[in-house]
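This report covers a ligand site and a domain interface. Start with the structure itself.

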Amino acid sequence: MQVIEQYESVVRSYCNNFPTVFEKAVGSCLYDTEGRRYLDFFAGASVLNYGHNHPALKKKLIEYIENDGITHSLDMASSAKVDFLQTFEDLILKPRGMNYKVQFPGPAGTNSVEAALKLARKIKGREKIISFTNAFHGMTLGALSVTGNAFKRSGAGLPLNYSDSMPYCGYFGEDVDTIEYLERFLEDSGSGVDDSAAVIVETIQAEGGIKVAEQKWLQDLQALCRKHDMLFIVDDIQVGCGRTGPFFSFEEAGLDPDIICLSKSLSGYGHPIAVTLLRPELDQWEPGEHNGTFRGNNLAFVTATEAFKQFWADDKLTQEVKAKAELVAQALNKLVAQFPQAKGEVRGRGLLQGIAFENADIAGTVSAVAFENGLIIETSGPEGEVLKLLPPLTITEAELKEGLDIIERSLGEALKRLGISSKEAV
Ligand SMILES: *Cc1c(COP(=O)(O)O)cnc(C)c1O
């Protein structure tokens with residue numbers, strides 16, 4: 001840690017929250033240089049949906065490297081890319097009746113968002129994009145301009161414009177339909193809101209504090225986009241690849257987005273890769289009009305292809321996620337009832353759930369105490385007020401229960417440390 005404190009920029013953040021040097025990781029566990037085991041309820045912010053170093057993916061990767069498979073090829077054709085595209089088509093898109101072209105932008109999620117925004121503006125010939133309160137779409141300037149968080153936005157150091165932020169589902173409470181609100185702005189030529197090229201939305205705002213959009217709200221939003229000739233972009237970077245159960249988070253709502261952003265767990269192994277899925281008629285780029293050195297990460301292709309075969313040839317994983325999600329929901333609801341003084345609210349869907357606390361210090365303290373107790377768990381939301389559970393989807397039930405027990409103990413201890421006694425319960 002001393003070398004890190006001495007040489008690494010203070011911009012680092014997760015290593016402040018989890019102050020140890022990690023060395024190994026298998027399945028749902030991380031191990032530090034002292035050999036201490038940590039259960040991982042963070043999973044690389046949903047990059048590791050199939051856990052760390054999944055044996056089937058590792059085997060394919062080692063074979064590929066041993067055989068001098070291509071590692072880097074810009075966007076030249078490689079057999080790994082051919083296999084990836086064919087398997088993605090056969091196991092993911094076709095069974096869902098989805099017809100999309102696959103664009104490889106740079107390797108990060110934010111690159112996928114940049115490509116989506118650029119293409120939408122090019123196609124519609126409009127400058128503005130509509131985004132939502134508490135949205136998170138990445139840290140490059142385009143993605144940041146459609147991100148809500150003031151702290152992250154301020155890092156840009158210049159005005160972030162050509163976007164309008166509108167209230168997300170439930171922003172004014174359950175009784176206000178924010179789609180009606182948005183519609184009024186779009187229909188009134190005196191509203192001051194210009195015609196926009198696209199709307200970009202997350203079905204669940206993970207970074208924004210696990211805010212879940214209702215299915216009807218999402219369906220109405222899609223219909224509104226069609227009515228106003230705006231492209232409908234779904235950012236499924238964090239909640240796609242099975243996090244909510246199905247491969248895409250919007251399958252149950254029956255959405256039909258024009259553009260879909262995917263990254264985080266796509267390679268299934270932690271290798272960076274991002275895709276922007278386009279309806280075929282939107283594929284209006286000129287060759288090279290949007291490019292990048294690290295497109296088509298072949299090692300990511302190899303593990304992604306194997307992950308599709310391992311986990312998405314049937315609906316077993318989807319069913320497992322649903323069962324584990326039920327277990328988590330029950331445990332969290334029990335916890336909130338057990339500690340009424342914490343004033344917690346359970347949020348989430350699938351294996352992205354958490355507790356929002358009125359007092360943001362509670363979430364941060366639980367995370368710190370949980371780390372002492374051998375559990376890695378993060379917070380999210382504008383004030384870090386939400387304790388956010390993101391275990392690998394492949395976690396065993398025993399490990400899930402172990403982690404939930406640590407959360408229970410850590411919440412009790414956190415309340416004690418913060419001096420929040422049960423008497424404060426009202
Ligand atoms: C993580 C994330 C991004 C950005 O991905 P990076 O790889 O960090 O650039 C964009 N959108 C959502 C919803 C995310 O969770």
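## Terms and model

A salt bridge here is a side-chain nitrogen of Lys or Arg within 4 Å of a carboxyl oxygen of Asp or Glu. By that rule, 3 salt bridges cross the interface of domain 1 and domain 2. The model is predicted.

## Domain layout

## The interface between the domains

On the domain 1 side, 33 residues make contact. On the domain 2 side, the count is 30 residues. Together the two domains bury about 2700 Å². Of this area, 52% is on carbon and sulfur atoms. Three residues stand out: Y50, R349 and L352 supply 28% of the area that domain 1 buries against domain 2, more than any other three residues.

Polar pairing also links the domains. There are 19 residue pairs in polar contact between domain 1 and domain 2, both partners at pLDDT 80 or more. As for salt bridges, the rule finds 3 across this interface. The side chains of E207 and K388 also form a salt bridge, with N to O at 3.0 Å.

## The ligand site

Which residues surround the ligand? The shell consists of A108, G109, T110, F136, H137, G138, E202, D235, I237, Q238 and K264. By class, it holds 3 nonpolar, 5 polar and 3 charged residues.

A polar side-chain atom of D235 is 2.7 Å from a ligand nitrogen. An N or O atom in the side chain of Q238 lies 2.8 Å from a ligand oxygen. G109 uses its backbone instead: a polar backbone atom sits 2.9 Å from an oxygen atom of the ligand. On its own, the ligand has 380 Å² of accessible area, and the protein covers 81% of that.

Definitions and conventions
Residues are numbered from 1 along each chain as its sequence is written. This is a predicted model: local features need pLDDT of at least 70, side-chain atom pairs count only at pLDDT 80 or more; totals for chains, interfaces and linings use all residues. Side-chain values use heavy atoms; hydrogens and water are left out. A residue is near a molecule or strand if one of its heavy atoms lies within 4 Å of it. A polar contact is a pair of N or O atoms within 3.5 Å; within protein, one must be able to donate a hydrogen and the other to accept it, and residues adjacent in sequence count only if both atoms are side-chain atoms. Accessible areas come from the Shrake-Rupley method with a 1.4 Å probe; for residues, only the protein chains shown count as cover. Ala, Val, Leu, Ile, Met, Phe, Trp, Tyr, Cys and Pro count as nonpolar, Asp, Glu, Lys and Arg as charged, and the others, Gly among them, as polar. Contact means heavy atoms within 4.5 Å. Buried area is the accessible area (1.4 Å probe) that two parts lose on being put together, summed over both.
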